Amino acid sequence: MIEFKNFSKTFNPNTINEVKALININLTINEGEFVTIIGTNGSGKSTLLNAIAGTFVGDTGNVEIDKNDVTFLKEFQRADYLARVFQNPYSGTAPNMSIAENLHLSMLRGKKRLPLYNLRKSKKNKLSEIVKELEMQLEDRLDNIIGSLSGGQRQAITLLMSVINKPKVLLLDEHTAALDPKSASQIIKLTEKFIERDNLTSVMVTHSMQQALTLGNRTIMMYKGNIIEDISLNEKKRLTVDDLLDRFAELRKKEKLTDDMIKDFKNEYF
Amino acid sequence: MELWIGALVLGLIYSIMTIGVYISYKILDFADITVDGSFTLGAAVSAVLITLGVDPFTSLIFATLAGGLAGMLTGLIHTKMKVNGLLAGILVMIALYSINLHIMGRSNVPLLQQPNFMSFFLAFNPNLPEEIWLSICMLFVISAFACLTSLFFKTDLGLTLRATGDNSIMSSALGVNVDSIKIFGIALSNALVGLAGGAIAQYQGFADIGMGIGMVVNGLAAVIIGEALIKMPSIYAKISSAAIGSILFRFMIAFALFAGMNPIDLKLLTALFVLITIFISLSAGNKVRRKKFVLQKKRVIIGLVAVTAGAVAFVAVNQLFDMGSNKSPIPDGSRKRIGIVQVTSNGVLDITREALLKELEKIGYNTGNLEIIQKNANNDLANLNSIIDDFNTSKVDVIVTISTPATQAALSRAKNIPIVFATIANPFIIKAGTSDTEHLPNVTGTYGWAPMDKTMEFVTQILGDKFKIGIIWDVGQANAEFNVHNLKEELKKYPNIELFEANISSTTDIQQAAVSLISKGINAFVLPPDNTLYSALDAVLKASNNAKIPVFLNDVERLEDGALGSMGHDYTSSGQEAAHIVDRVLKGEKPANIPFFKYSKLTCGLNLNAAKYLGIKLDKEVVYKANYFVGTKKVQAKKKIGIVQFAMEPNVEICKEGLLNGLAGYGYKDGDNIEIIYKNANADFPMINAIMQDLIARDVDIIVPLSTPVVQSSVQQVGGRDNTSVVFTYIYDPYKIGAAKSSTDHLPNFTGVACFPPMKEMFDLIKEMYPEKKKVGVVWNSSEANSESVIKFIRGFVASKGMELIESTVTNPSEVLDASNALISKGAEIFLNAGDNTLNVAYDSFAKVAADNNIPLFSADAETIYNNTIATLGPDYYRTGFDGGVYLARILDGEKAAKIPIMQTKETLLYLNRDVAKRLNYKFANTLIKRASKIVIDSTLISPEKLSVNILKEISK
């Protein structure tokens with residue numbers, strides 16, 4: 001479904017702030033796979049997600065989504081294939097518009113936006129049914145503006161908006177990181193529910209090693225712009241968090257990682 | 001009432017623009033300054049299309065499209081070139097200034113007699129007052145428009161637009177092409193602004209390059225007011241709030257005008273009004289925040305009450321200040337009211353207003369019988385409309401509009417009130433009429449454009465006719481454009497003068513424009529009137545002074561700032577004439593029957609300090625032309641000058657005026673560096689000697705005797721004195737009375753200017769007018785020295801002209817009648833008054849005999865022109881005086897009178913009388929009319945250049 005071929009990206013090339021964010025990435029994600037990505041800050045995990053979303057154009061290599069070369073397509077053009085949930089719950093919704101209007105807009109993904117009045121009563125009834133799935137009692141508040149909702153509710157709406165049209169790829173960018181634990185677990189549950197129900201090809205960046213292991217059927221570990229581990233479902237089932245840390249220990253030998261780096265890693269994930 | 005209805009209609013039309021501003025500012029979250037340009041663009045497109053015959057509604061469609069195109073451009077620059085939104089807007093706005101000028105072809109397009117969208121609605125008027133019916137129609141139209149716009153924002157595209165403004169990250173993630181949507185939104189916003197611009201142009205009756213200035217600020221103010229008062233989430237409420245804000249904003253301005261507020265404070269009031277609304281909505285909002293989604297009637301009511309209370313307080317304060325000044329004990333019925341409006345404050349307009357007010361007072365108006373309401377729009381064209389509406393409401397008897405924009409506003413808004421305009425360059429461009437007599441029935445006034453022909457005559461007289469001139473002008477000023485056009489036309493007469501021009505659009509450009517012209521090697525600046533330029537003239541003067549380049553203006557008031565010369569209208573005469581027209585209208589005359597008055601009185605000024613600094617030597621003829629001087633010479637001690645006249649008579653006053661101007665032209669002014677003592681003998685001969693002795697006792701340095709008896713006395717009293725010089729003038733013949741033997745052989749302390757009547761020229765004139773008549777009859781007093789020398793002079797040449805002089809002498813006035821009849825019996829074919837004093841006393845008898853016998857009467861004395869005299873030809877007494885003044889200055893400079901030869905004035909003045917010619921069935925030759933200084937038409941003296949075509953046809957061959 002998603003394929004990277006020799007993909008590289010350097011930010012601020014030839015300056016003092018030069019960052020090699022992605023180095024010669026080759027990666028294939030198959031249809032229906034739910035991939036979790038872990039890595040330290042600056043490892044390139046979010047950059048990889050953005051490379052799929054199309055926020056920037058790569059320096060070398062190609063990206064394909066659903067067998068289409070999207071290397072040079074802009075973000076909004078790729079939006080026909082994929083949907084995103086951001087870390088910031090304020091990013092995914094229009095705060096001054098109603099829940100119904102937001103959901104309606106998300107349903108226009110990949111369609112023409114004509115000056116036609118389509119958000120009628122019947123449409124709202126349909127939306128009400130869909131919102132019920134969130135089990136947040138929002139179905140009666142469809143005309144309330146998003147700005148009046150809590151962060152968790154907003155993120156739930158964003159999630160609903162991203163899956164409402166069954167996208168080919170769902171991108172989740174640490175989408176529970178900014179929420180309180182209760183809302184976070186609610187959102188994770190909803191995420192699993194929607195992905196399973198529609199068998200969505202999904203890529204999720206996470207800070208939680210536990211989440212990375214328990215969710216999805218494949219885990220990718222990134223470091224300094226490289227994919228350093230690619231763990232399959234079978235392997236994941238056997239692995240514990242400690243095993244993962246051991247892998248880092250091995251890496252340390254292989255790649256001469258400093259103790260500091262491991263400390264970083266531990267600090268980040270535990 | 002008209003004021004409020006007018007404000008409502010204006011507010012409704014402007015609400016289209018406000019909704020446009022709301023779209024960019026609130027919905028798209030994009031501070032778009034394009035508005036100032038696209039508003040004018042819409043107006044320009046609509047106005048030009050209408051003048052080309054396009055239907056007004058169709059023109060509005062094009063105005064909308066044009067506005068949209070401008071917005072699209074801003075959007076493209078912002079999104080595709082990644083230029084900051086504010087900057088993108090500014091860029092397009094600035095560019096539009098030029099484009100709008102190109103579209104209009106000039107800075108102002110009048111639409112006065114053109115079809116407009118209002119007439120469509122007025123066609124269905126069920127007999128309501130026009131403005132009221134229009135306001136009802138507009139209320140429906142704008143409501144429908146607001147509903148449609150709101151509905152649009154509920155469609156898929158509209159929702160996308162709102163979402164993009166609300167959260168562009170989300171929009172992009174949902175697959176929205178954010179750039180395209182932004183471009184579309186800005187285009188939509190400006191399309192509405194363009195539509196509003198077109199509609200306003202049609203409503204106010206003209207499009208003007210400056211009408212968009214400040215629109216974005218007005219729009220934002222309206223949006224903020226509306227938003228503060230109406231806080232409902234529904235898009236209908238939001239769009240309506242913008243429209244309501246617009247109406248409230250206009251009401252606020254109307255109210256300020258109604259309260260008689262100083263327009264200077266209008267902008268301050270705007271800011272306060274916006275702040276108050278925001279404050280009220282905040283403080284009221286805190287308590288009821290929970291009910292956010294319910295219509296907060298309370299808050300609206302509190303807001304409105306507070307605003308009203310504030311406004312009432314404002315009026316109260318204003319009234320307090322006004323107390324006593326405008327109150328009149330006379331009941332309103334017998335008291336007339338006039339409203340005076342000017343577009344802004346500047347020298348020319350203020351002079352006009354002051355002269356008008358003074359003249360009204362002179363005519364006999366005072367606060368008891370006339371209430372004068374004075375308004376100033378402070379350069380805000382929209383305010384002009386409200387001011388006129390205010391006059392309509394308060395039912396003034398006459399509206400006086402000073403300046404062109406004020407007149408334009410009045411023409412389109414005050415159809416039933418007499419309008420008297422003053423100091424506008426050209427009433428025909430703004431369709432006030434087609435000629436001085438054919439004009440709108442309720443309109444008349446005074447006008448005149450800057451005399452570029454006279455200006456160039458003046459400039460070339462100083463600088464020769466081969467040089468380079470630089471002009472600076474604001475392409476956005478209608479008058480400037482017109483003046484520059486006239487200048488260019490005039491320059492066609494001067495093939496060796498090269499013109500360099502620099503255009504400006506604001507005062508900040510002036511300095512650079514001046515420097516760039518100087519670097520092109522110009523020799524002089526000629527600066528036709530231009531409001532922008534003249535408001536920051538110092539920038540040019542500074543640069544020109546550094547480069548030592550002379551500057552010429554058309555506003556004498558500005559001469560002191562350092563320009564060399566000025567040739568302009570005397571705007572006092574414009575104001576005075578307007579006052580007389582106002583008087584006629586107030587007394588019941590219909591403006592339709594009062595012709596436009598084109599003022600022609602010129603004020604020509606010279607700055608002697610500038611001339612000295614620039615090293616330019618001013619020719620005497622140049623100085624002669626001027627009647628206003630800046631700068632005087634430095635002297636060690638003020639010298640005393642005694643000016644003595646025999647009696648009060650018009651010609652001697654003219655002579656004195658010339659004398660003082662001659663003095664001033666060479667740097668001497670009374671009270672400044674000389675002291676002048678004026679004396680008048682009041683036709684009492686013994687008095688003359690007493691005056692002379694008094695002056696000698698006062699140690700007067702120079703005595704100026706005017707007229708023969710006074711000169712005679714001075715010869716006796718001060719002839720040959722060492723420390724008193726005499727400069728005589730206003731005398732026929734100084735050689736008879738012992739002052740001189742010839743022009744160079746004269747008393748050592750005497751010199752002066754003689755004005756012997758131009759008798760050879762007189763006989764040439766007679767010959768030219770009546771070639772077949774040979775016998776010229778004169779009556780004269782043989783004991784009058786002056787007459788004797790004149791008659792002797794005539795006898796000397798008359799035969800050589802193939803003519804014959806028939807004389808009849810008298811000793812006192814009672815003999816004139818018989819003497820005149822005697823001339824008839826001797827076969828005189830022409831009567832001539834050669835300037836005899838006795839004859840002058842009984843001139844009526846002389847003229848009557850001439851008239852009874854159908855004999856043309858000529859005279860050497862201009863004052864007799866009204867009295868059955870077909871033509872007078874006499875010395876130009878102003879010139880005589882001027883030359884005397886120049887002699888005076890030379891003596892003040894230290895020259896000795898003995899070395900200065902006596903001068904004879906050669907310049908003559910010819911007056912003709914049409915009334916007499918008509919009686920005699922005589923028609924003047926065109927060349928003669930052109931030579932005449934004045935012509936009597938229906939007992940009134942008129943300059944020949946001001947004669948109407950009909951009269952010219954009637955009186956000429």
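Mentor: In this predicted model, helix H25 (residues 650–665) of chain B lies across strand S16 (639–645), S18 and S19 of chain B, and the helix runs at about 135° to S19(B).

Trainee: What makes strand S18 (residues 702–706) and strand S19 (residues 725–731) of chain B a pair?

Mentor: Three bridges join S18(B) to S19(B), which run parallel, and because two strands pair if there are at least two bridges between them, these strands meet the requirement. Ile702(B) stands opposite Ser725(B) in S19(B).

Trainee: Why are strand S17 (674–680) and strand S26 (903–904) of chain B called edge strands?

Mentor: The open sheet has six strands in the order S17-S16-S18-S19-S20-S26 (chain B), with parallel pairing, and S17(B) and S26(B) each pair on one side only.

Trainee: How do you know how H25(B) and helix H33 (residues 877–892) of chain B are placed relative to each other?

Mentor: Two packed helices are described by the angle between their axes and the distance between the axes. For H25(B) and H33(B), the axes come within 6 Å and cross at roughly 35°, and the crossing is right-handed.

Trainee: Which residues meet there, and how do the residues of the contact of H25(B) with H33(B) divide?

Mentor: Among them, Ile654(B) and Leu663(B) belong to H25(B), while Phe882(B) and Val886(B) belong to H33(B). The residues of this contact divide into 11 nonpolar, eight polar and four charged.

Terms used
Residues are numbered from 1 along each chain as its sequence is written. Chains are lettered from A and ligands numbered from 1 in the order in which they are written. This is a predicted model: local features need pLDDT of at least 70, side-chain atom pairs count only at pLDDT 80 or more; totals for chains, interfaces and linings use all residues. Helices (H or I, at least four residues) and strands (E, at least two) are DSSP runs, numbered from the N terminus. Two residues are in contact if their C-beta atoms, placed from the backbone, lie within 7 Å. Axes are lines fitted to C-alpha atoms, for helices over the stretch in contact, and angles run from 0 to 180 degrees between N-to-C directions. A crossing is left-handed if the near helix is turned anticlockwise from the far one by less than a right angle, and right-handed if clockwise. Ala, Val, Leu, Ile, Met, Phe, Trp, Tyr, Cys and Pro count as nonpolar, Asp, Glu, Lys and Arg as charged, and the others, Gly among them, as polar.
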